[in-house]
Amino acid sequence: MAKESISRLVQGLARSAMLSAFFLLLILAGTPPRAEEKPAPSLKDRVKRVPPLNLNEALKSFQTLGGFVLQPLAVEPLVLDPVAGAYDEDGNLFVVEMSDYPNPLKEGEIPKGRLRKLIDRDGDGRFDESHTVADGLFWPTGVACWKGGAYVLSAPDIWYFKDTNGDEKADVREKVATGFIIYNVQQLANNLRWGVDNRIYGITAGNGADLKSSGQDTLPLRRRDFKFDPLSKSFEAISGTGQFGLAFDDWYHRFTCSNRDPVMEVILPSRVLDRNPLLTIPSSVAYEVVEGQGNPIPVYPISPPEPWRTVRTERYLAEGQKFALSEMVASGVFTSAAGITIYRGHAYPEGYKGQAFIANPAGNLIHRRALLPAGATHQAIPADVKTEFVRSKDIWFRPVNFINAPDGTLHVLDMYREVVEHPWTIPDDIKECLDLHSGRDRGRIYRLAPPGFQTSAPAKLSQASSKELVSLLGHRGAWWRETAQRLLYERRDPQALPLIKRLAGVSLNPLARLHAIYLLDGLGELSEAEIRLALIHPEAGLREHGLILAEKSLARFPKLQEDILQLQGDPDPRVCFQLAIACGAIKDAKAALVLADILEKHLSDPWIRTACLSSGARFALPLLENLHTKKAFWESEPGRQALAQLFLNLGGGDPVEGDKALFLLAQADSKDPSQTIRFLQSFGLGRKRVSRTLMPAQNPQVAAWVKKKLALAQVMAADSRQSVDERVQATLLLAFADSGVAEKTLSNLLQPQEFKEVQVAALRALRTSGAAFVPAVLLKHWKSFTPALRSEAAEALLSRFAWTKLLLEEIKKGGISASDIDLVKRQALLKHRDKEIQTLAGELFAVNQARGQVLAKYAPSLKGGDWARGKVVYQKECAVCHKVGAEGKDIGPNLLTVGTRTPEAFLAAILDPDREVDSRYLNYVFALKGGKLVTGMVTAESAKSITVSKSDATVETLTREEVEEMVCTGKSFMPVGFEERISPAAMADLLTFLLAPR
């Protein structure tokens, strides 16, 4: 659906909601009072509690498509608050129950989470026994079966529970790992799932972790997920992450979801991120962008809004309060995507295979999307037009997760709660009329059954022979394939090896081969020949995994290098993506030719391009030699981005290769002089990262050419006849000029009459140069800077300890106002590792921490306000970090997408941002070697690098080698103290603008 169509749809819904409420108010206001009229009902009477439905009533409330029906498998009291489940080899269901949701425990309170085992004794397809295997668990969110027991994720820990004496209660209770951080109940680690590589995967989510397990160093997980081997209990960081949900398709592409993003695919493996620490990669996750990331994605519920929601809406309309789109159409857009699951069973019609099912508990519905190949990734499109696959009139229906079950269907986990909203979204007085724990004694599990479905007896694979298990590796249903593989991995039966090897070599079923080769790999029995067969298989998915296993096995089988390179020109984009990754493990320079070929053919695919550039780090010079003469590549913007990255790598790499790269750049100078300056600047940044100068050491002719380009940059930067973009590139290059030239030229470019873009470039060039004259120049021009330029100048001065002290001393003397330093930078200074700076900052930027008093002072801001004036406030104070729709900078959350909060909650989030910190927006301080300081949010992380988004909207990738200290402030990137910059009246205007319907 086009973006414009979505916008019109949502605006129409918003207008309908507003008009309906408006006419309701007119009717109420226009009806003359009667003498016998009763007093107005109290708030408690108006917020009518909606009772739950019994099972028969609930079943009648469902509306489904395609003749599917929801069949109850377990209903309270057999199960309570289920959020994740896994079937064992005999068809028993291990399920974890999150009964403590949504509030954290009070001191001394015993956790109410449980691991439960459900058993179908009579084989009728419904559970008739329920056993509490383990209780006292804090917010359990994931479970995976292993050797008759189950691993359970219950932050901060992962546990292993097993019953060994037959009483269905765990007498084995082993804490396997700990360290998952608990900041936010909506960002807890979750959803354990078996992968094809004999590892259990999990979503770290936004809270992150400092994971500790036996015999391993602490494993930091920020914007990364994890997997572990249940045999060795060794953990590994992998790329990710999402919010609540983890799924694989049949070829083990990994998917997750987040509240407003129903489908997200994890694309770049950690090893890709590790190979090139200088490569800036904002994310390893591809967001589903059918309607456009950041825009509301429509859903179509049939359930009525809860009475408390209606009362809240009427209240704000009556007060003249404008509020956010998702408040006006709260039941019509995705706000709670959860539990994404790819259907991989054998009971549904073939067209359902590979489709994504996503729960939306706030809308009492199940959404469905088709996944279509799109280059290295997939495109997700709605499978149902202006309706939903499952929807209920019962507002207690809260689906949160699914299971690909042994019977070939999807099983639906329904928390069955009265309220699922975060407590902050509900005004305090309305909240007092509700019970947020209502439903703690309820929960339901359904089978989503196709027409004519017949139940069968539970599986009994614990009794199956190894031969039978090997035959099941080719079953049509994923549960059977994965369970058979797991049991064979557990048993490690030598007699099964010949059978598995035969399957890997001759089976006509590609998925059977897939499971067989990974099982052999897990057992240490995978041969070179079996990998080679996968590499030449007609099924693209097998070639893709053949490349993964070949790359992993190069140390044992070096001859596979030639087989990998033979896949050059493969017609499948996903295979080309994996080939680009595999080339990074090859030492032969022939890989550069393959990478150049892939880059040329797939230049428009950002994921394939990134894989090529990461793997090309060791082949940067031969890759550049292959590409820099290709006109079409040079003239395209993606090609120029790739060339700029290559020059950055070469600048930070071997100095001899760097000199050769400069020679090539000099040869190509006539193609586009402005681009030459851009590439020379990238090369200089690479040289700066390794403390080298821009000048080549070995070639006097090239050194003379570099001096010539620096002189040209000096002229271009000051020449008003040049385009602004050309002047900006020339100005940035002057960071590497002689001190005398840089000081004079860059200082002149800071004059008020210059374009803002050129002034910003001059400030950034000064910061990059690190020259001793920089603080004097910045302090000299300070009073002529606009607020935006002062923020840039402060960013430069705060990048060096010595410069920071000069800035603070100037503030103390009164030469610079303390208000010129924005709140984010103040927060970093108050946490500075240098005690002298920290103390001085405390004197200069002391903040009143009595947030309750501040909130009370600003309470009148919730009423009234002017939209136009509010937009001005937003542009001045908020746009530097936040977008509203397409306007502003994308550092903090897009304020259009956080509108489910009430005005009170929005005000509290602005004035008391540390009350409830979304861990994705925690502020970090990095102290680098050489005295440099960087502050910002961690947006991507690998074993060798950390990507940081800073308050000036720039992104910087730090290598772990240059980081001396990394400290999480424990505070939101949105700092405390906003009241010092905005009055209550201006706050009213700002809230009116932010919460206005769009």
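Two residues are taken to be in contact when heavy atoms of one lie within 4.5 Å of heavy atoms of the other. In this predicted model, and leaving aside neighbours within four places in sequence, Leu115 is in contact with Phe94, Val95, Val96, His131, Thr132, Val133, Ala134, Leu137, Val143, Ala150, Val152 and Phe161. Leu115 belongs to the largest nonpolar core, which has 214 residues, and together with Phe180 it touches the most other members of that core.

For the chain as a whole, 35 helices and 35 strands are assigned, and 60% of the 998 residues count as buried. Among the contacts in the chain with a separation of 6 or more, 66% are accounted for by residues 24 or more positions apart.

Helix α16, which covers residues 590–601, has 12 residues and reaches 17 Å from its first C-alpha to its last, a span close to the 16 Å expected at 1.5 Å a residue. The buried residues of this helix are Ala591, Ala592, Val594, Leu595, Ala596, Asp597, Ile598 and Leu599, so that Asp597, a charged residue by class, is listed as buried together with residues such as Leu595 and Ile598. The cover over these buried residues includes the helices α14 (560–565), α15 (573–583), α17 (606–615), α18 (620–627) and α19 (631–635).

The structure holds seven cavities of 30 Å³ or more, and the largest cavity has a volume of about 440 Å³. This largest cavity is lined by 24 residues, of which Arg193, Trp194, Asn404, Trp479 and Glu482 are the closest to its centre. By class, its lining is made up of 16 nonpolar, four polar and four charged residues. At least two lining residues are supplied by each of the strands β3 (82–87), β7 (140–146), β11 (190–194), β17 (247–248), β21 (338–342) and β26 (399–404), and likewise by helix α9 (478–491). The largest share of the lining comes from α9, which contributes five residues.

Among the open sites, the second largest pocket has a volume of about 790 Å³. Of the 34 residues that line this pocket, Tyr201, Lys227, Pro269, Arg271 and Ile548 are the closest to its centre. Two or more lining residues are given by each of β16 (234–239), α4 (270–275), α11 (510–522), α13 (540–552) and α15, with α13 giving the most, namely six residues. The lining of the second largest pocket divides into 16 nonpolar, six polar and 12 charged residues.

The peptide bond from Ala155 to Pro156 is cis, with omega near 15°, and Pro156 is placed in the loop between β8 (149–154) and β9 (157–162). A cis peptide bond also joins Gly240 and Thr241, where omega is about 25°; Thr241 is found in the loop between β16 and β17.

Positive phi values occur in residues other than glycine at Lys147, where phi is near 50°, and at Arg492, where phi is about 55°. Lys147 is placed in the loop between β7 and β8, and its relative accessible area of 34% makes it partly exposed. Arg492 is found in the loop between α9 and α10 (497–506), and this residue is likewise partly exposed, with a relative accessible area of 36%.

Thr204 is a loop residue as well, placed between β12 (200–203) and β13 (209–213). With a relative accessible area of 1%, Thr204 counts as buried, because the cut-off for that class is a value under 20%. Leaving aside its neighbours within four places in sequence, Thr204 is in contact with Gln187, Leu188, Ala189, Ala209, Leu221, Arg224, Asp225, Phe226 and Thr241. One of these partners, Thr241, is the residue that a cis peptide bond joins to Gly240.

Technical notes: Residues are numbered from 1 along each chain as its sequence is written. This is a predicted model: local features need pLDDT of at least 70, side-chain atom pairs count only at pLDDT 80 or more; totals for chains, interfaces and linings use all residues. Side-chain values use heavy atoms; hydrogens and water are left out. Helices (H or I, at least four residues) and strands (E, at least two) are DSSP runs, numbered from the N terminus. The expected span of a helix is 1.5 Å times one less than its number of residues. Buried means under 20% relative accessible area, exposed over 50%, partly exposed in between (1.4 Å probe, protein chains only). A nonpolar core is a set of buried Ala, Val, Leu, Ile, Met, Phe, Trp, Tyr and Cys residues joined through side-chain atoms within 4.5 Å. On a 1 Å grid over the protein atoms alone, a cavity is a set of points where a 1.4 Å probe fits but cannot get out, and a pocket is an open set with protein on both sides within 12 Å along at least five of seven lines; lining residues have an atom within 4 Å of a point. Grid points are joined across faces, edges and corners, and a volume is the space filled by probe spheres set on the points.
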